[in-house]
Amino acid sequence: MAVDPQFATAFDSLAHAYGNTGYKAEYRKYLRKAFDASDHASELERYRIRGNYFMTSERTYGQAVEAFQKLISLYPDYWTAHSQLGFVYGNSEEWEAAIEQYDLIIQKNVGEFVPYSNESVYLAAACKYDKARDVLNGYLQNFSDNLSIHRNLAVELIVEGRFAEAEAEADAIHTMAPRLYAYHNLKGLLRMLQGDTAGAEIEFNALLEGQEGVPHLIGRSRLAGLYLMQGRFARAREQGRLGLEEAKVMGEATWSAALSLGQAYRDIRSGDTENALA
């Protein structure tokens with residue numbers, strides 16, 4: 001393993017496959033393996049893998065920036081380095097710096113969806129909603145249909161309160177991938193935001209039917225939030241507890257932390273401050 005330069009890249013690819021589907025523990029596990037094997041990778045892959053590894057913690061964001069900037073200086077046409085550097089800036093809430101990196105990629109007419117998807121997130125964070133939608137629609141018009149682009153469009157429209165248009169984007173996702181859990185998540189949010197709590201409950205429960213892993217955790221979290229909003233504290237806590245148990249079985253520390261925080265908030269809302277501080 002240590003002498004094969006392909007192992008580092010393979011581990012990095014596997015890490016991102018897990019990360020893109022919400023499995024943070026496996027993402028970190030294989031990213032660490034990639035980092036440990038990166039001495040034997042090519043120069044380009046070495047800096048890319050090390051940058052990816054360093055951007056998993058705020059404490060090492062500076063090292064991630066250095067790695068990606070070095071990569072850009074060595075390979076100025078390698079757009080992935082600009083994309084990852086933009087991601088680090090975005091995680092640091094440096095919205096304009098992040099947007100600048102993605103603009104550089106989009107100006108080159110790159111057909112990959114990730115720069116468009118990511119830039120839309122940071123444009124929205126900077127309250128540039130019209131521009132965020134223009135970027136996403138530009139990808140759909142100039143390249144092809146894409147699930148992530150439709151999902152981001154739906155989220156942007158939900159933030160703006162344009163629910164009918166968001167429904168259309170969710171329906172586009174369902175047409176392209178009927179079994180994709182993002183559809184029920186979006187539909188549930190739309191039902192809840194429009195006061196249809198019964199409809200929201202149906203959609204969030206659909207995340208638990210025939211699904212496992214991350215979709216289950218999302219479903220538990222959404223149902224807990226819905227029940228809390230309705231004042232159904234016991235049911236909210238039960239969904240939170242089930243989600244926590246599933247996250248622990250999966251070894252997902254990030255999900256466990258998020259669900260624990262949600263449980264504490266629900267305890268406070270229900271007046272159980274003793275449990276909230278436990």
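A residue is termed buried when its relative accessible area is under 20%, exposed when that area is over 50%, and partly exposed in between (1.4 Å probe, protein chains only). By this criterion G188, at 0% relative accessibility, counts as buried. The structure is a predicted model, in which local features need pLDDT of at least 70 and side-chain atom pairs count only at pLDDT 80 or more, while totals for chains, interfaces and linings use all residues. Residues are numbered from 1 along each chain as its sequence is written, and side-chain values use heavy atoms, with hydrogens and water left out.

Helices are DSSP runs (H or I, at least four residues) numbered from the N terminus. G188 is found in helix 11, which spans residues 181–193 and also holds R191. Contact is taken as heavy atoms within 4.5 Å. When neighbours within four places in sequence are set aside, G188 is in contact with A200, E203 and F204. Between G188 and A198, which are 10 residues apart in sequence, the C-alpha to C-alpha separation in space is 9.6 Å. R191 likewise counts as buried, because its relative accessibility is 17%. With neighbours within four places in sequence again left aside, the contacts of R191 are E167, D196, G199, A200 and E203.

Helix 5 (residues 79–91) has 13 residues and reaches 19 Å from its first C-alpha to its last, close to the 18 Å expected at 1.5 Å a residue. The expected span of a helix is 1.5 Å times one less than its number of residues. The buried residues in helix 5 are A81, H82, S83, Q84, L85, G86, V88, Y89 and G90.

Two packed helices are described by the angle between their axes and the distance between the axes. Axes are lines fitted to C-alpha atoms, for helices over the stretch in contact, and angles run from 0 to 180 degrees between N-to-C directions. The axes of helix 5 and helix 6 come within 7 Å and cross at roughly 165 degrees. Helix 5 is therefore roughly antiparallel to helix 6, a term that applies to angles over 145 degrees. The contact is made by W79, H82, S83, L85, G86, F87, Y89 and G90 on the side of helix 5, and by W95, A97, A98, Q101, Y102, L104 and I105 on the side of helix 6. These residues divide into 10 nonpolar, 5 polar and no charged. In this classification Ala, Val, Leu, Ile, Met, Phe, Trp, Tyr, Cys and Pro count as nonpolar, Asp, Glu, Lys and Arg as charged, and the others, Gly among them, as polar. The crossing of helix 5 and helix 6 is left-handed, meaning that the near helix is turned anticlockwise from the far one by less than a right angle.

Helix 14 (residues 233–250) and helix 15 (residues 253–269) also pack at an angle of about 165 degrees, their axes being 9 Å apart. This angle makes helix 14 roughly antiparallel to helix 15, and their crossing is left-handed. Helix 14 contributes F233, A236, R237, G240, R241, G243, L244, A247 and K248 to the contact, and helix 15 contributes W255, S256, L259, S260, Q263, R266, D267 and R269. The residues of this contact comprise 6 nonpolar, 5 polar and 6 charged.

Helix 8 (residues 129–142) has 14 residues and extends 20 Å from its first C-alpha to its last, close to the 20 Å expected at 1.5 Å a residue. Its buried residues are A132, R133, V135, L136, G138, Y139 and L140. The elements covering these buried residues include helix 6 (95–106), helix 7 (114–125) and helix 9 (147–159).

Most residues other than glycine have a negative phi. E93, although not a glycine, has a positive phi of about 60 degrees. E93 lies in the loop between helix 5 and helix 6 and is exposed, with a relative accessible area of 57%. C127 also has a positive phi, near 65 degrees, in a residue other than glycine. The position of C127 is in the loop between helix 7 and helix 8, and C127 counts as exposed at 54% relative accessibility.

R32 is placed in helix 2 (residues 24–37). With a relative accessible area of 38%, R32 is partly exposed. R32 and I105 are 73 residues apart in sequence, and their C-alpha atoms are 28 Å apart in space.

Terms used. Helix = DSSP H or I, 4+ residues; strand = E, 2+ residues; numbered from the N terminus. Parallel < 35°, antiparallel > 145°, perpendicular 65-115°, else oblique.
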